[in-house]
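Good morning, everyone, and thank you for making the time.

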Amino acid sequence: MSQRHHDLVIIGTGSGNSIIGPEFDDLDIAIMERGVFGGTCLNVGCIPTKMFVYPSDIAEEAAHADRLGLSFTAPQVHWREIRDRIFGRIDQIPPAGEKYRRESPNVTVYAGTARFVGDKTLDTGTGDTVTADRIVIAAGGRPRLLDIEGLDKADPTRGVHTNDTVMRLDELPERMIIIGGGYIGAEFAHVFDALGTEVTWLVRRDAVLRFEDETVSESFTALAQDRFDLRLNASPHKAVYDGAAWTLSCTSDDGDFDVSAPVVLLAIGREPNTDLLDVAAGGIATHPDGRIVVDEFQRTNVEGVYALGDISSDYELKHVANREAKTVKYNLAHSDAPQATDHRVVPHAVFANPQIASFGKTEQELREVGTPYLVKVQKYGDVAYGWAMEDEVGLVKVLADPGTRRLLGAHLMGYQASSLIQPLIQAAQFEQTVDAVAAEPYWIHPALSEVIENALLGLDEPNS
Ligand SMILES: Cc1cc2nc3c(=O)[nH]c(=O)nc-3n(C[C@H](O)[C@H](O)[C@H](O)COP(=O)(O)OP(=O)(O)OC[C@H]3O[C@@H](n4cnc5c(N)ncnc54)[C@H](O)[C@@H]3O)c2cc1C
Ligand SMILES: NC(=O)c1ccc[n+]([C@@H]2O[C@H](COP(=O)([O-])OP(=O)(O)OC[C@H]3O[C@@H](n4cnc5c(N)ncnc54)[C@H](O)[C@@H]3O)[C@@H](O)[C@H]2O)c1
(Lines give C-alpha, C1' and ligand atoms only; values in the text may rest on other atoms or scores of the structure.)
(Ligands and ions follow the chains in the order given, each with its own letter.)
Protein backbone atom coordinates (compact mmCIF):
# COMPACT_ATOMS: atom_id res chain seq x y z
CA MET A 1 0.00 0.00 0.00
CA SER A 2 1.56 3.25 -1.11
CA GLN A 3 0.50 6.86 -0.91
CA ARG A 4 1.21 9.16 -3.83
CA HIS A 5 0.36 12.68 -4.94
CA HIS A 6 -0.45 13.66 -8.53
CA ASP A 7 -1.07 17.05 -10.10
CA LEU A 8 -4.10 15.75 -11.94
CA VAL A 9 -6.20 12.59 -11.63
CA ILE A 10 -8.70 11.52 -14.31
CA ILE A 11 -11.20 8.82 -13.42
CA GLY A 12 -12.50 6.97 -16.46
CA THR A 13 -11.02 6.44 -19.92
CA GLY A 14 -14.09 7.15 -22.08
CA SER A 15 -14.23 10.83 -22.93
CA GLY A 16 -11.95 11.46 -19.93
CA ASN A 17 -9.03 9.91 -21.79
CA SER A 18 -9.14 12.68 -24.41
CA ILE A 19 -8.19 15.32 -21.85
CA ILE A 20 -4.54 14.27 -21.68
CA GLY A 21 -2.52 16.11 -24.33
CA PRO A 22 0.83 17.77 -24.93
CA GLU A 23 -0.31 20.95 -23.13
CA PHE A 24 -0.20 18.94 -19.90
CA ASP A 25 3.22 17.34 -20.45
CA ASP A 26 4.57 19.16 -17.41
CA LEU A 27 1.90 17.69 -15.12
CA ASP A 28 2.14 14.42 -13.20
CA ILE A 29 -1.12 12.79 -14.30
CA ALA A 30 -2.90 9.64 -13.11
CA ILE A 31 -5.66 7.95 -15.08
CA MET A 32 -7.88 5.33 -13.45
CA GLU A 33 -9.92 2.66 -15.18
CA ARG A 34 -11.82 -0.27 -13.68
CA GLY A 35 -12.66 -1.88 -17.04
CA VAL A 36 -11.18 -1.73 -20.50
CA PHE A 37 -9.79 1.49 -21.94
CA GLY A 38 -12.09 3.52 -24.14
CA GLY A 39 -15.30 3.37 -22.09
CA THR A 40 -18.88 2.67 -23.08
CA CYS A 41 -19.11 4.18 -26.55
CA LEU A 42 -16.15 2.33 -28.00
CA ASN A 43 -16.54 -1.02 -26.27
CA VAL A 44 -20.24 -1.65 -25.59
CA GLY A 45 -22.12 1.38 -26.90
CA CYS A 46 -22.29 3.65 -29.92
CA ILE A 47 -19.67 2.06 -32.10
CA PRO A 48 -20.38 -1.67 -31.94
CA THR A 49 -24.15 -1.08 -31.95
CA LYS A 50 -23.94 0.95 -35.13
CA MET A 51 -21.67 -1.70 -36.66
CA PHE A 52 -24.52 -4.16 -36.05
CA VAL A 53 -27.17 -1.68 -37.22
CA TYR A 54 -25.61 -1.26 -40.66
CA PRO A 55 -25.88 -4.90 -41.81
CA SER A 56 -29.31 -5.04 -40.17
CA ASP A 57 -30.39 -2.02 -42.21
CA ILE A 58 -29.31 -3.79 -45.39
CA ALA A 59 -31.28 -6.91 -44.44
CA GLU A 60 -34.33 -4.80 -43.57
CA GLU A 61 -34.16 -2.77 -46.78
CA ALA A 62 -33.85 -5.95 -48.84
CA ALA A 63 -36.84 -7.47 -47.07
CA HIS A 64 -38.96 -4.52 -48.17
CA ALA A 65 -37.60 -3.99 -51.67
CA ASP A 66 -40.60 -5.56 -53.38
CA ARG A 67 -42.20 -2.10 -53.55
CA LEU A 68 -39.38 -1.22 -55.95
CA GLY A 69 -39.84 -4.31 -58.10
CA LEU A 70 -36.99 -6.18 -56.47
CA SER A 71 -37.18 -9.37 -54.51
CA PHE A 72 -34.45 -11.11 -52.60
CA THR A 73 -34.42 -14.44 -50.89
CA ALA A 74 -34.07 -14.27 -47.10
CA PRO A 75 -30.48 -13.36 -46.18
CA GLN A 76 -28.06 -15.96 -44.91
CA VAL A 77 -26.98 -14.40 -41.64
CA HIS A 78 -23.51 -15.37 -40.50
CA TRP A 79 -23.80 -14.07 -36.95
CA ARG A 80 -20.34 -15.09 -35.81
CA GLU A 81 -18.77 -13.49 -38.88
CA ILE A 82 -20.62 -10.25 -38.19
CA ARG A 83 -19.74 -10.35 -34.49
CA ASP A 84 -16.10 -11.24 -35.06
CA ARG A 85 -15.62 -8.61 -37.76
CA ILE A 86 -16.95 -5.98 -35.38
CA PHE A 87 -15.07 -7.00 -32.27
CA GLY A 88 -12.01 -7.98 -34.28
CA ARG A 89 -11.64 -4.27 -34.96
CA ILE A 90 -12.86 -2.88 -31.66
CA ASP A 91 -10.97 -5.19 -29.31
CA GLN A 92 -7.62 -4.08 -30.69
CA ILE A 93 -8.15 -0.48 -29.66
CA PRO A 94 -8.34 -0.58 -25.81
CA PRO A 95 -5.03 -2.43 -25.24
CA ALA A 96 -3.28 -0.08 -27.68
CA GLY A 97 -4.77 2.94 -25.89
CA GLU A 98 -3.74 1.62 -22.49
CA LYS A 99 -0.22 0.78 -23.67
CA TYR A 100 0.17 4.29 -25.07
CA ARG A 101 -0.81 5.83 -21.75
CA ARG A 102 1.41 3.46 -19.75
CA GLU A 103 4.35 4.43 -21.95
CA SER A 104 3.73 8.17 -21.53
CA PRO A 105 6.43 9.44 -19.14
CA ASN A 106 4.13 11.75 -17.15
CA VAL A 107 1.12 9.39 -16.90
CA THR A 108 0.45 6.65 -14.34
CA VAL A 109 -2.33 4.16 -15.07
CA TYR A 110 -4.25 2.66 -12.15
CA ALA A 111 -6.29 -0.33 -13.34
CA GLY A 112 -8.85 -0.62 -10.56
CA THR A 113 -12.11 0.71 -9.19
CA ALA A 114 -11.33 4.12 -7.74
CA ARG A 115 -13.17 5.27 -4.64
CA PHE A 116 -13.07 8.55 -2.74
CA VAL A 117 -11.87 8.14 0.81
CA GLY A 118 -11.57 11.84 1.65
CA ASP A 119 -11.15 15.31 0.22
CA LYS A 120 -9.35 14.90 -3.14
CA THR A 121 -8.14 11.53 -1.88
CA LEU A 122 -8.79 8.25 -3.69
CA ASP A 123 -8.33 4.59 -3.00
CA THR A 124 -7.31 3.44 -6.49
CA GLY A 125 -8.50 -0.14 -5.98
CA THR A 126 -4.98 -1.32 -6.78
CA GLY A 127 -3.57 -1.07 -3.28
CA ASP A 128 -2.50 2.54 -3.66
CA THR A 129 -4.04 5.69 -2.24
CA VAL A 130 -3.55 8.93 -4.11
CA THR A 131 -4.16 12.58 -3.49
CA ALA A 132 -4.36 15.19 -6.22
CA ASP A 133 -4.51 18.94 -6.73
CA ARG A 134 -7.17 18.52 -9.37
CA ILE A 135 -9.49 15.64 -10.25
CA VAL A 136 -11.65 15.01 -13.31
CA ILE A 137 -14.51 12.58 -12.79
CA ALA A 138 -15.50 10.94 -16.07
CA ALA A 139 -16.64 7.59 -14.73
CA GLY A 140 -19.87 7.27 -16.73
CA GLY A 141 -22.72 4.94 -15.83
CA ARG A 142 -23.84 1.35 -16.10
CA PRO A 143 -27.01 -0.49 -17.17
CA ARG A 144 -29.88 -0.40 -14.71
CA LEU A 145 -31.20 -3.79 -13.58
CA LEU A 146 -34.69 -4.88 -12.63
CA ASP A 147 -35.83 -5.49 -9.11
CA ILE A 148 -37.10 -8.97 -10.06
CA GLU A 149 -35.34 -12.14 -8.96
CA GLY A 150 -33.40 -13.49 -11.93
CA LEU A 151 -33.37 -10.14 -13.71
CA ASP A 152 -31.63 -8.33 -10.87
CA LYS A 153 -28.21 -9.08 -12.31
CA ALA A 154 -26.76 -9.63 -15.75
CA ASP A 155 -26.06 -13.34 -16.14
CA PRO A 156 -25.01 -14.11 -19.72
CA THR A 157 -24.51 -17.80 -18.92
CA ARG A 158 -28.27 -18.01 -18.23
CA GLY A 159 -29.28 -15.66 -21.03
CA VAL A 160 -29.77 -12.44 -19.05
CA HIS A 161 -28.00 -9.66 -20.91
CA THR A 162 -27.45 -5.95 -21.07
CA ASN A 163 -25.78 -4.07 -23.91
CA ASP A 164 -22.48 -5.02 -22.23
CA THR A 165 -22.81 -8.66 -23.30
CA VAL A 166 -25.60 -9.16 -25.84
CA MET A 167 -23.46 -8.26 -28.83
CA ARG A 168 -21.04 -11.07 -27.93
CA LEU A 169 -23.57 -13.91 -28.01
CA ASP A 170 -22.17 -17.08 -29.59
CA GLU A 171 -25.33 -17.81 -31.53
CA LEU A 172 -28.06 -15.62 -32.92
CA PRO A 173 -30.98 -16.54 -30.64
CA GLU A 174 -34.23 -17.75 -32.14
CA ARG A 175 -36.19 -15.66 -29.69
CA MET A 176 -35.42 -12.70 -27.47
CA ILE A 177 -37.34 -10.60 -24.97
CA ILE A 178 -36.30 -6.96 -24.83
CA ILE A 179 -37.42 -4.94 -21.82
CA GLY A 180 -37.46 -1.14 -22.20
CA GLY A 181 -38.88 1.22 -24.83
CA GLY A 182 -35.98 3.65 -25.17
CA TYR A 183 -32.89 4.01 -27.34
CA ILE A 184 -31.27 0.68 -26.57
CA GLY A 185 -34.52 -1.27 -26.85
CA ALA A 186 -35.28 0.34 -30.23
CA GLU A 187 -31.82 -0.20 -31.68
CA PHE A 188 -31.47 -3.82 -30.57
CA ALA A 189 -35.05 -4.72 -31.50
CA HIS A 190 -34.15 -3.61 -35.02
CA VAL A 191 -30.80 -5.38 -35.09
CA PHE A 192 -31.99 -8.75 -33.84
CA ASP A 193 -35.28 -8.77 -35.76
CA ALA A 194 -33.56 -7.86 -39.03
CA LEU A 195 -31.04 -10.65 -38.55
CA GLY A 196 -33.75 -13.24 -37.88
CA THR A 197 -34.50 -13.32 -34.14
CA GLU A 198 -38.14 -13.28 -33.10
CA VAL A 199 -38.34 -10.25 -30.83
CA THR A 200 -40.87 -9.72 -28.06
CA TRP A 201 -40.56 -6.14 -26.88
CA LEU A 202 -41.97 -5.27 -23.46
CA VAL A 203 -42.67 -1.59 -22.95
CA ARG A 204 -44.25 -0.36 -19.75
CA ARG A 205 -45.89 2.73 -21.27
CA ASP A 206 -48.34 3.26 -24.15
CA ALA A 207 -45.68 4.12 -26.75
CA VAL A 208 -42.03 3.53 -27.50
CA LEU A 209 -39.54 6.40 -27.53
CA ARG A 210 -41.96 8.52 -25.51
CA PHE A 211 -39.38 11.27 -25.05
CA GLU A 212 -39.57 12.03 -28.79
CA ASP A 213 -42.00 14.45 -30.42
CA GLU A 214 -45.51 12.97 -30.36
CA THR A 215 -45.72 12.66 -34.16
CA VAL A 216 -42.49 10.69 -34.24
CA SER A 217 -43.23 8.53 -31.21
CA GLU A 218 -46.73 7.68 -32.42
CA SER A 219 -45.59 6.89 -35.98
CA PHE A 220 -42.63 4.84 -34.76
CA THR A 221 -44.82 2.92 -32.31
CA ALA A 222 -47.31 2.07 -35.08
CA LEU A 223 -44.48 0.73 -37.26
CA ALA A 224 -43.06 -1.23 -34.34
CA GLN A 225 -46.46 -2.82 -33.70
CA ASP A 226 -46.42 -4.18 -37.25
CA ARG A 227 -42.87 -5.40 -37.03
CA PHE A 228 -42.35 -6.86 -33.55
CA ASP A 229 -44.33 -8.70 -30.95
CA LEU A 230 -44.65 -5.36 -29.17
CA ARG A 231 -46.45 -5.41 -25.82
CA LEU A 232 -47.32 -1.91 -24.68
CA ASN A 233 -48.33 -1.00 -21.12
CA ALA A 234 -46.70 -4.26 -20.10
CA SER A 235 -44.38 -4.97 -17.17
CA PRO A 236 -42.80 -8.22 -16.04
CA HIS A 237 -43.20 -9.12 -12.37
CA LYS A 238 -41.77 -12.66 -12.20
CA ALA A 239 -39.02 -14.49 -14.09
CA VAL A 240 -38.47 -18.26 -14.11
CA TYR A 241 -35.55 -20.00 -15.84
CA ASP A 242 -35.97 -23.66 -16.79
CA GLY A 243 -32.37 -24.22 -17.81
CA ALA A 244 -32.98 -23.30 -21.44
CA ALA A 245 -35.39 -20.37 -21.53
CA TRP A 246 -36.88 -17.65 -19.37
CA THR A 247 -40.58 -17.30 -18.84
CA LEU A 248 -41.60 -13.82 -17.78
CA SER A 249 -44.99 -13.32 -16.18
CA CYS A 250 -46.26 -9.89 -17.09
CA THR A 251 -49.13 -7.60 -16.27
CA SER A 252 -50.62 -5.36 -18.90
CA ASP A 253 -53.71 -3.26 -19.59
CA ASP A 254 -54.96 -6.15 -21.74
CA GLY A 255 -54.59 -8.70 -18.94
CA ASP A 256 -51.78 -10.88 -17.64
CA PHE A 257 -49.63 -12.94 -19.99
CA ASP A 258 -46.43 -15.00 -20.11
CA VAL A 259 -43.63 -14.71 -22.66
CA SER A 260 -40.68 -17.06 -23.08
CA ALA A 261 -37.29 -16.82 -24.74
CA PRO A 262 -33.76 -18.07 -24.12
CA VAL A 263 -32.39 -14.53 -24.10
CA VAL A 264 -33.62 -11.51 -22.15
CA LEU A 265 -32.14 -8.08 -22.83
CA LEU A 266 -32.48 -5.44 -20.14
CA ALA A 267 -32.65 -1.97 -21.72
CA ILE A 268 -34.26 0.09 -18.98
CA GLY A 269 -31.86 2.98 -18.68
CA ARG A 270 -28.54 3.58 -17.00
CA GLU A 271 -27.40 4.74 -13.61
CA PRO A 272 -24.40 6.93 -12.82
CA ASN A 273 -21.33 5.31 -11.25
CA THR A 274 -21.24 7.79 -8.37
CA ASP A 275 -21.98 5.03 -5.83
CA LEU A 276 -18.99 2.93 -6.94
CA LEU A 277 -16.86 6.03 -6.58
CA ASP A 278 -18.38 7.00 -3.23
CA VAL A 279 -18.30 10.64 -4.26
CA ALA A 280 -19.98 11.59 -0.97
CA ALA A 281 -16.74 10.66 0.82
CA GLY A 282 -15.04 13.27 -1.34
CA GLY A 283 -17.65 15.86 -0.35
CA ILE A 284 -19.01 16.01 -3.91
CA ALA A 285 -22.67 16.98 -4.28
CA THR A 286 -25.07 14.88 -6.35
CA HIS A 287 -28.59 15.22 -7.76
CA PRO A 288 -31.30 12.95 -6.32
CA ASP A 289 -30.75 10.56 -9.27
CA GLY A 290 -27.09 10.17 -8.35
CA ARG A 291 -25.51 12.36 -11.05
CA ILE A 292 -22.81 14.77 -9.91
CA VAL A 293 -23.86 18.42 -9.78
CA VAL A 294 -21.73 20.60 -12.07
CA ASP A 295 -21.92 24.23 -13.14
CA GLU A 296 -21.68 25.41 -16.76
CA PHE A 297 -17.87 25.20 -16.49
CA GLN A 298 -18.08 21.48 -15.52
CA ARG A 299 -16.96 22.33 -11.96
CA THR A 300 -18.33 20.38 -9.02
CA ASN A 301 -18.90 21.97 -5.62
CA VAL A 302 -15.35 20.95 -4.57
CA GLU A 303 -12.70 23.35 -5.79
CA GLY A 304 -10.45 21.74 -8.39
CA VAL A 305 -12.80 18.79 -9.02
CA TYR A 306 -14.53 18.64 -12.41
CA ALA A 307 -17.02 16.16 -13.85
CA LEU A 308 -18.20 15.39 -17.37
CA GLY A 309 -20.20 12.96 -19.46
CA ASP A 310 -22.78 10.45 -18.28
CA ILE A 311 -21.85 10.75 -14.61
CA SER A 312 -22.97 14.38 -14.48
CA SER A 313 -24.58 15.44 -17.73
CA ASP A 314 -28.23 16.04 -18.55
CA TYR A 315 -27.48 14.05 -21.72
CA GLU A 316 -26.17 10.50 -22.02
CA LEU A 317 -24.67 11.07 -25.45
CA LYS A 318 -21.11 10.66 -26.66
CA HIS A 319 -20.95 13.92 -28.61
CA VAL A 320 -21.99 15.72 -25.41
CA ALA A 321 -19.47 13.84 -23.24
CA ASN A 322 -16.76 14.74 -25.76
CA ARG A 323 -17.81 18.40 -25.78
CA GLU A 324 -17.80 18.53 -21.98
CA ALA A 325 -14.34 16.92 -21.97
CA LYS A 326 -13.13 19.73 -24.24
CA THR A 327 -14.51 22.26 -21.77
CA VAL A 328 -12.71 20.56 -18.89
CA LYS A 329 -9.48 20.39 -20.86
CA TYR A 330 -9.69 24.11 -21.59
CA ASN A 331 -10.64 25.04 -18.05
CA LEU A 332 -7.83 23.00 -16.52
CA ALA A 333 -5.43 25.16 -18.50
CA HIS A 334 -7.39 28.42 -18.02
CA SER A 335 -8.95 28.20 -14.58
CA ASP A 336 -8.93 32.02 -14.23
CA ALA A 337 -11.07 32.50 -17.35
CA PRO A 338 -13.09 29.31 -17.74
CA GLN A 339 -15.35 28.54 -20.70
CA ALA A 340 -18.88 27.15 -20.42
CA THR A 341 -20.12 24.10 -22.30
CA ASP A 342 -22.59 25.07 -25.01
CA HIS A 343 -25.69 22.94 -24.44
CA ARG A 344 -28.06 25.17 -26.44
CA VAL A 345 -28.69 22.85 -29.38
CA VAL A 346 -28.05 19.24 -28.42
CA PRO A 347 -29.20 16.79 -31.08
CA HIS A 348 -29.60 13.04 -30.80
CA ALA A 349 -30.39 10.14 -33.08
CA VAL A 350 -31.86 6.71 -32.53
CA PHE A 351 -30.30 4.29 -34.99
CA ALA A 352 -33.32 2.07 -35.30
CA ASN A 353 -35.09 1.43 -38.60
CA PRO A 354 -36.45 3.92 -39.46
CA GLN A 355 -33.89 6.21 -37.90
CA ILE A 356 -34.93 9.08 -35.69
CA ALA A 357 -33.10 12.36 -35.21
CA SER A 358 -34.11 15.35 -33.20
CA PHE A 359 -33.20 18.49 -31.31
CA GLY A 360 -35.00 21.22 -29.44
CA LYS A 361 -38.55 21.40 -28.21
CA THR A 362 -41.20 18.84 -29.07
CA GLU A 363 -44.64 20.03 -30.12
CA GLN A 364 -46.15 18.68 -26.90
CA GLU A 365 -43.65 20.66 -24.81
CA LEU A 366 -44.45 23.90 -26.65
CA ARG A 367 -48.17 23.29 -26.35
CA GLU A 368 -47.93 22.50 -22.63
CA VAL A 369 -46.20 25.78 -21.79
CA GLY A 370 -48.24 27.83 -24.26
CA THR A 371 -45.35 28.93 -26.47
CA PRO A 372 -46.63 30.09 -29.87
CA TYR A 373 -45.16 28.11 -32.78
CA LEU A 374 -45.38 27.37 -36.47
CA VAL A 375 -45.27 23.69 -37.43
CA LYS A 376 -44.87 21.76 -40.65
CA VAL A 377 -44.69 18.02 -41.21
CA GLN A 378 -43.17 17.20 -44.58
CA LYS A 379 -43.20 13.62 -45.77
CA TYR A 380 -40.18 12.13 -47.52
CA GLY A 381 -42.65 10.56 -49.95
CA ASP A 382 -43.74 14.00 -51.21
CA VAL A 383 -40.33 15.02 -52.57
CA ALA A 384 -38.69 13.62 -55.68
CA TYR A 385 -36.13 11.39 -53.97
CA GLY A 386 -38.84 10.06 -51.69
CA TRP A 387 -40.78 9.06 -54.82
CA ALA A 388 -37.69 7.22 -56.03
CA MET A 389 -37.60 5.38 -52.73
CA GLU A 390 -41.37 4.77 -52.70
CA ASP A 391 -41.03 5.97 -49.14
CA GLU A 392 -44.08 5.68 -46.96
CA VAL A 393 -42.69 6.35 -43.49
CA GLY A 394 -40.20 9.22 -43.56
CA LEU A 395 -41.16 12.61 -42.16
CA VAL A 396 -39.56 15.89 -41.16
CA LYS A 397 -41.32 17.98 -38.55
CA VAL A 398 -40.07 21.50 -37.99
CA LEU A 399 -41.21 23.90 -35.28
CA ALA A 400 -40.41 27.60 -35.50
CA ASP A 401 -40.97 30.77 -33.54
CA PRO A 402 -43.48 32.94 -35.47
CA GLY A 403 -41.80 36.11 -34.21
CA THR A 404 -38.07 35.49 -34.61
CA ARG A 405 -38.62 32.95 -37.45
CA ARG A 406 -35.96 30.74 -35.82
CA LEU A 407 -36.19 27.02 -35.26
CA LEU A 408 -37.51 25.81 -31.93
CA GLY A 409 -37.10 22.14 -32.74
CA ALA A 410 -36.77 19.57 -35.50
CA HIS A 411 -37.87 15.94 -35.41
CA LEU A 412 -37.10 13.52 -38.20
CA MET A 413 -37.98 9.90 -38.76
CA GLY A 414 -36.80 8.00 -41.80
CA TYR A 415 -33.91 6.98 -43.98
CA GLN A 416 -30.63 8.54 -42.78
CA ALA A 417 -32.46 10.97 -40.50
CA SER A 418 -29.30 11.21 -38.40
CA SER A 419 -27.43 12.83 -41.31
CA LEU A 420 -30.32 14.65 -42.91
CA ILE A 421 -30.95 16.72 -39.79
CA GLN A 422 -27.53 18.38 -39.79
CA PRO A 423 -28.44 21.56 -41.79
CA LEU A 424 -31.22 22.19 -39.29
CA ILE A 425 -28.78 21.80 -36.40
CA GLN A 426 -26.50 24.38 -38.06
CA ALA A 427 -29.47 26.71 -38.59
CA ALA A 428 -30.49 26.52 -34.94
CA GLN A 429 -26.93 26.82 -33.66
CA PHE A 430 -26.18 29.88 -35.77
CA GLU A 431 -29.63 31.35 -35.08
CA GLN A 432 -30.53 31.65 -38.75
CA THR A 433 -34.11 32.32 -39.76
CA VAL A 434 -36.02 29.50 -41.39
CA ASP A 435 -36.59 31.80 -44.38
CA ALA A 436 -32.88 32.35 -44.93
CA VAL A 437 -32.07 28.67 -44.55
CA ALA A 438 -34.79 27.66 -47.01
CA ALA A 439 -34.20 30.34 -49.62
CA GLU A 440 -30.53 31.33 -49.64
CA PRO A 441 -28.45 28.19 -50.10
CA TYR A 442 -29.01 25.95 -53.12
CA TRP A 443 -30.61 22.65 -52.23
CA ILE A 444 -29.39 19.93 -54.60
CA HIS A 445 -32.14 18.59 -56.83
CA PRO A 446 -33.44 15.94 -56.56
CA ALA A 447 -31.63 15.00 -53.36
CA LEU A 448 -33.47 13.78 -50.28
CA SER A 449 -32.40 17.00 -48.54
CA GLU A 450 -35.20 18.73 -50.47
CA VAL A 451 -37.47 17.32 -47.78
CA ILE A 452 -35.79 19.73 -45.33
CA GLU A 453 -36.13 22.67 -47.74
CA ASN A 454 -39.82 21.92 -48.29
CA ALA A 455 -40.47 21.50 -44.57
CA LEU A 456 -39.07 24.99 -43.93
CA LEU A 457 -40.91 26.51 -46.90
CA GLY A 458 -44.14 24.97 -45.64
CA LEU A 459 -44.10 26.56 -42.20
CA ASP A 460 -46.52 29.32 -43.19
CA GLU A 461 -49.01 27.03 -44.91
CA PRO A 462 -52.48 27.17 -43.39
CA ASN A 463 -53.18 24.55 -40.73
CA SER A 464 -49.54 23.50 -40.79
C1 LIG B 1 -25.72 0.49 -26.15
C2 LIG B 1 -25.38 1.96 -26.18
C3 LIG B 1 -25.36 2.63 -27.38
C4 LIG B 1 -25.06 3.98 -27.40
N5 LIG B 1 -25.08 4.62 -28.61
C6 LIG B 1 -24.83 5.95 -28.66
C7 LIG B 1 -24.84 6.63 -29.91
O8 LIG B 1 -25.09 6.05 -30.97
N9 LIG B 1 -24.58 7.96 -29.91
C10 LIG B 1 -24.31 8.64 -28.75
O11 LIG B 1 -24.09 9.86 -28.80
N12 LIG B 1 -24.26 8.01 -27.56
C13 LIG B 1 -24.52 6.69 -27.49
N14 LIG B 1 -24.48 6.04 -26.28
C15 LIG B 1 -24.14 6.81 -25.07
C16 LIG B 1 -22.61 6.97 -24.94
O17 LIG B 1 -22.01 5.70 -25.02
C18 LIG B 1 -22.26 7.63 -23.62
O19 LIG B 1 -22.96 8.85 -23.50
C20 LIG B 1 -20.77 7.93 -23.51
O21 LIG B 1 -20.01 6.78 -23.78
C22 LIG B 1 -20.44 8.47 -22.12
O23 LIG B 1 -19.07 8.69 -22.01
P24 LIG B 1 -18.36 8.92 -20.59
O25 LIG B 1 -16.93 9.22 -20.88
O26 LIG B 1 -19.16 9.86 -19.79
O27 LIG B 1 -18.51 7.52 -19.86
P28 LIG B 1 -17.96 6.08 -20.26
O29 LIG B 1 -17.63 5.99 -21.69
O30 LIG B 1 -18.94 5.13 -19.71
O31 LIG B 1 -16.57 5.98 -19.49
C32 LIG B 1 -16.53 5.82 -18.10
C33 LIG B 1 -15.34 4.94 -17.78
O34 LIG B 1 -15.11 5.03 -16.37
C35 LIG B 1 -14.80 3.75 -15.88
N36 LIG B 1 -15.14 3.73 -14.45
C37 LIG B 1 -16.36 3.78 -13.89
N38 LIG B 1 -16.27 3.80 -12.56
C39 LIG B 1 -14.96 3.78 -12.26
C40 LIG B 1 -14.23 3.76 -11.05
N41 LIG B 1 -14.84 3.83 -9.86
N42 LIG B 1 -12.89 3.71 -11.11
C43 LIG B 1 -12.24 3.65 -12.31
N44 LIG B 1 -12.88 3.66 -13.49
C45 LIG B 1 -14.22 3.73 -13.47
C46 LIG B 1 -15.66 2.81 -16.71
O47 LIG B 1 -15.15 1.49 -16.71
C48 LIG B 1 -15.60 3.47 -18.08
O49 LIG B 1 -14.54 2.96 -18.87
C50 LIG B 1 -24.76 4.68 -26.21
C51 LIG B 1 -24.76 4.00 -24.98
C52 LIG B 1 -25.07 2.65 -24.97
C53 LIG B 1 -25.06 1.92 -23.64
N1 LIG C 1 -28.28 6.39 -30.47
C2 LIG C 1 -27.92 6.87 -29.28
O3 LIG C 1 -27.49 8.01 -29.12
C4 LIG C 1 -28.03 5.99 -28.07
C5 LIG C 1 -28.20 4.62 -28.20
C6 LIG C 1 -28.30 3.84 -27.05
C7 LIG C 1 -28.21 4.44 -25.81
N8 LIG C 1 -28.04 5.77 -25.72
C9 LIG C 1 -27.98 6.43 -24.41
O10 LIG C 1 -28.00 5.48 -23.38
C11 LIG C 1 -29.07 5.74 -22.49
C12 LIG C 1 -29.64 4.46 -21.98
O13 LIG C 1 -30.44 3.83 -22.99
P14 LIG C 1 -31.74 3.03 -22.58
O15 LIG C 1 -32.49 2.66 -23.79
O16 LIG C 1 -31.35 1.98 -21.59
O17 LIG C 1 -32.54 4.12 -21.72
P18 LIG C 1 -33.75 5.07 -22.11
O19 LIG C 1 -33.87 6.02 -21.00
O20 LIG C 1 -33.64 5.57 -23.49
O21 LIG C 1 -35.01 4.09 -22.10
C22 LIG C 1 -35.30 3.31 -20.98
C23 LIG C 1 -36.64 2.67 -21.18
O24 LIG C 1 -36.85 1.71 -20.16
C25 LIG C 1 -38.09 1.97 -19.53
N26 LIG C 1 -37.97 1.57 -18.14
C27 LIG C 1 -37.29 2.19 -17.15
N28 LIG C 1 -37.41 1.52 -16.01
C29 LIG C 1 -38.17 0.43 -16.27
C30 LIG C 1 -38.64 -0.64 -15.50
N31 LIG C 1 -38.36 -0.73 -14.19
N32 LIG C 1 -39.38 -1.58 -16.10
C33 LIG C 1 -39.68 -1.50 -17.41
N34 LIG C 1 -39.26 -0.50 -18.20
C35 LIG C 1 -38.52 0.45 -17.63
C36 LIG C 1 -38.36 3.44 -19.73
O37 LIG C 1 -39.74 3.71 -19.65
C38 LIG C 1 -37.79 3.65 -21.13
O39 LIG C 1 -38.73 3.28 -22.11
C40 LIG C 1 -30.06 6.58 -23.29
O41 LIG C 1 -30.78 7.46 -22.45
C42 LIG C 1 -29.22 7.30 -24.28
O43 LIG C 1 -28.90 8.59 -23.84
C44 LIG C 1 -27.94 6.56 -26.83
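Before I point at anything, a word on how I name the elements: helices (H or I, at least four residues) and strands (E, at least two) are DSSP runs, numbered from the N terminus. Residues are numbered from 1 along each chain as its sequence is written, while chains are lettered from A and ligands numbered from 1 in the order in which they are written. Please keep in mind that this is a predicted model, in which local features need pLDDT of at least 70 and side-chain atom pairs count only at pLDDT 80 or more, whereas totals for chains, interfaces and linings use all residues.

On confidence, the mean pLDDT of the chain (pLDDT being the predictor's confidence in each residue, from 0 to 100) is 97, and 100% of the residues reach 70 or more. The model also scores ipTM 0.99 and pTM 0.98.

Let me turn to ligand 2, which has 22 residues around it, with G180, G181, G182, I184 and E316 coming nearest; here a residue is near a molecule or strand if its C-beta atom, placed from the backbone, lies within 6 Å of it. Which elements each supply at least two residues of this shell? They are α6, spanning 183-195, and β18, spanning 348-350, and it is α6 that gives the most, with 4 residues. By class, the shell has 10 nonpolar, 7 polar and 5 charged residues, where Ala, Val, Leu, Ile, Met, Phe, Trp, Tyr, Cys and Pro count as nonpolar, Asp, Glu, Lys and Arg as charged, and the others, Gly among them, as polar.

Now to the backbone, where most residues other than glycine have a negative phi, and most peptide bonds are trans. The bond from N353 to P354 is cis, with omega near 5°, and P354 lies in the loop between β18 and β19 (355-360). Likewise, the bond from H445 to P446 is cis, with omega near -5°, and P446 sits in the loop between α14 (434-439) and α15 (450-457).

Finally, L209, although not a glycine, has a positive phi of about 50°, and it is found in the loop between β10 (198-202) and α7 (214-227). Q298, also not a glycine, has a positive phi of about 70°, in the loop between α8 (274-277) and β17 (305-307). Is Q298 buried or exposed? Q298 counts as buried because it has 30 C-beta neighbours inside 10 Å, the cut-offs being 20 or more other C-beta atoms within 10 Å for buried, 12 or fewer for exposed, and partly exposed in between, with C-beta atoms placed from the backbone.
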